[in-house]
Amino acid sequence: MYEDDEILAFHDINPVAPVHFMLIPRSTWYRSHTSRIGTSRCGEMLLLAHRLASEQGSPDGFRAIVNTGRVGRQDVFHVHMHVLGGRDPLPGMIQRSK
């Protein structure tokens, strides 16, 4: 759905919201370690997420999720950002135990 020299965006194959796409930096430097992604690249990804979420049907906001490591339930070991929106409101993020 979008690409430039630094970032690739595509629709998630198992969407959990009407708007659900992924952003990934192209560099292999970020293959497995979120800690290596720089603040400027993170900022670029968030700015792009805002623009693309609006264009895809979520102009009033979105959720950006970055899972890291086993505890964060990262399934694909390349830095990536999920962008979700298009539902008002999105469901809560984590079920709290009582």
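**Paired strands and the pockets**

Ile7 stands opposite Pro25 in β3. This is a predicted model, where local features need pLDDT of at least 70 and side-chain atom pairs 80 or more, while totals for chains, interfaces and linings use all residues. Numbering runs from 1 along each chain as its sequence is written, and side-chain values use heavy atoms, without hydrogens or water.

Strands here are DSSP runs of E, at least two residues long, numbered from the N terminus. β2 covers residues 7-11. β2 and β3 are antiparallel, paired over 5 bridges. (Pairing takes at least two DSSP bridges between two strands.) β2 also pairs with β1, residues 2-3, again in the antiparallel sense, over 2 bridges. There, Glu3 has Leu8 of β2 as its bridge partner. A hairpin of 3 residues links β1 to β2.

β3 spans 19-25 and leads on to the largest pocket, where it supplies at least two residues of the lining. A pocket is an open set of points on a 1 Å grid over the protein atoms alone, where a 1.4 Å probe fits, with protein on both sides within 12 Å along at least five of seven lines; lining residues have an atom within 4 Å of a point. β4 (63-65) and β5 (81-85) also supply at least two residues each. β4 gives the most, with 3 residues.

Gly57, Ser58, Pro59, Asp60, Gly61 and Phe62 are among its residues. Gly85, Gly86, Arg87, Asp88, Pro89 and Leu90 line the second largest pocket too.

Terms used: Helices (H or I, at least four residues) and strands (E, at least two) are DSSP runs, numbered from the N terminus.
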